[in-house]
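Here is a report on how one protein chain is packed.

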Amino acid sequence: MKLRSTVNRQVSVEMGQSDAVEYVNINDQPSSPRVHGTRKVSILPLIFLIFYEVSGGPFGVEDSVKAAGPLLALLGFLVFPIIWSVPEALITAEMGTMFPENGGYVVWVSSALGPYWGFQQGWMKWLSGVIDNALYPVLFLDYLKSGIPALGNGLPRAFAALALTFVLTFMNYRGLTIVGWAAVLLGIFSLLPFVVMGLVSLPKLEPSRWFVVNLGEVDWNLYLNTLFWNLNYWDSISTLAGEVDNPKKTLPKALFYALILVIFGYFFPLLVGTGAIPLDRDLWTDGYFSDIAKVLGGVWLRWWIQGAAAMSNMGMFVAEMSSDSFQLLGMAERGMLPEFFAKRSRYGTPLIGIIFSASGVVLLSWLSFQDIVAAENFLYCFGMIMEFIAFIWLRIQYPAASRPYKIPTGTVGAIIMCIPPTILICVVLALSTLKVAALSVGAVVIGLVMQPCLKYAEKKRLMKFSTSAELPDLHGPEQESVDSLLE
């Protein structure tokens, strides 16, 4: 990879025009496509990578029934995607094809608000992703401990969690193509038992059970956090855009198909579980789908569901780590992190980013499930607010900029589209506990201080920072002509 000093770099464009694999600079001279000797990710693996970034299956949605009952749970997974998932996926499709590089949302925010806030976006989203990933080895072992009691606690559990983290981290090291096709196989294995469960449940379905609701007994904090946690992270795939085959066409299609897959993967199992089994809200906690499977189909179906849940956690882990590690690589290519983060292994993977992300997972694994969900939601909300601002700002400042995929709305429509999810973000933040808010704000403060410290280290030559010569400059000392942004 060609690198140039961040101090001496030449200004070419403020924001480059993009196509499938390259940017076009102000003189319309295409930069060289980045080639790392590795295969690009095609649409089918990309769909399942998005699926695992966002969902991974219905494991973890049970709390929505416990918190609000069947009707609100079912409506939540139909209405919430319209309010939240669809806008986030559309913004990811537009911005991800506008900036098809591994920095993803970091580059979006940096191009609109400047590199300081781009760094803050990267820090909050990376930390949110690592916190999220710390959950999956724990959940994997929770699903296995009923069959292997020794994994319930103590040293065997700790060693098993470390061994699982190592194995899955090694899979990420071996290449994104391997991770993508592994996600396809894991996804089919994880969803198929729910199709079978739906078929065997047909004689026992009672539609009246779907309409049970009691607004006086709704735990809104648990309900909203469960919906939010299970339907966010659509933008995470943007940090892999540089590894996607023909991203301007592939990314929007993959997001569309993944959206359908995610909604079906949540709604159908909830429909079966709430319609075929008498309601006892207290039983609707993590792992309850395996109990429903035993009642409807027998022990064999229960074991299949438990195995699918375990495999799903593996899929979510490798997808999230891919996104987190390639984000660090993208930030290093933009000169926001030391140059060693931009180095790739012989398999084309970001070795240092993988090591840092895996270390964060191990260090944060002591957090409880509830703290993990609430803390990552809090940090994620901050990051999404900056993404919305960047999206609208770029629409206002550069309405005619090249956008291979563009949401079919004007600037006013773009603003209106962002209002409902912004209101939802405010509600989620308002419902956070003082402990979660304090921990999350403390993490934000660390990022605010870290960026100036890294700049000081660069100035004093304590660490080497470089910007990839194959990427256009987002910020120069002078404003360039808006004509450079036009198609």
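Buried means under 20% relative accessible area, exposed means over 50%, and partly exposed lies in between, with a 1.4 Å probe and protein chains only. At 12% relative accessibility, Thr 250 therefore counts as buried. Thr 250 sits in helix 10. Leaving out residues up to four places away in sequence, Thr 250 touches Ser 42, Ile 43, Leu 46, Val 244 and Asp 245. Contact here means heavy atoms within 4.5 Å.

This is a predicted model: local features need pLDDT of at least 70, side-chain atom pairs count only at pLDDT 80 or more, and totals for chains, interfaces and linings use all residues. Residues are numbered from 1 along each chain as its sequence is written, and side-chain values use heavy atoms, without hydrogens and water.

**The chain as a whole**

The protein chain has 16 helices and four strands. Both are DSSP runs numbered from the N terminus: helices are H or I with at least four residues, strands E with at least two. Of its 487 residues, 58% count as buried. The chain exposes about 19500 Å², and carbon and sulfur atoms supply 68% of that. The area comes from the Shrake-Rupley method with a 1.4 Å probe. Among contacts between residues at least 6 apart in sequence, 85% join residues at least 24 apart.

**Helix pairs**

Two packed helices are described by the angle between their axes and the distance between the axes. Axes are lines fitted to C-alpha atoms over the stretch in contact, and angles run from 0 to 180 degrees between N-to-C directions.

| Pair | Angle | Axis distance |
|---|---|---|
| Helix 3 (residues 70-98) and helix 10 (residues 247-276) | about 170 degrees | 10 Å |
| Helix 7 (residues 154-174) and helix 12 (residues 299-333) | roughly 50 degrees | within 9 Å |
| Helix 1 (residues 43-54) and helix 12 | roughly 100 degrees | within 8 Å |

Angles under 35 degrees count as roughly parallel, over 145 as roughly antiparallel, 65 to 115 as roughly perpendicular, and the rest as oblique. Helix 7 and helix 12 are therefore oblique to each other. Their contact includes Leu 168 and Met 171 of helix 7, and Phe 317 and Met 321 of helix 12. By class, this contact has six nonpolar, four polar and no charged residues. Nonpolar covers Ala, Val, Leu, Ile, Met, Phe, Trp, Tyr, Cys and Pro; charged covers Asp, Glu, Lys and Arg; the others, Gly among them, are polar.
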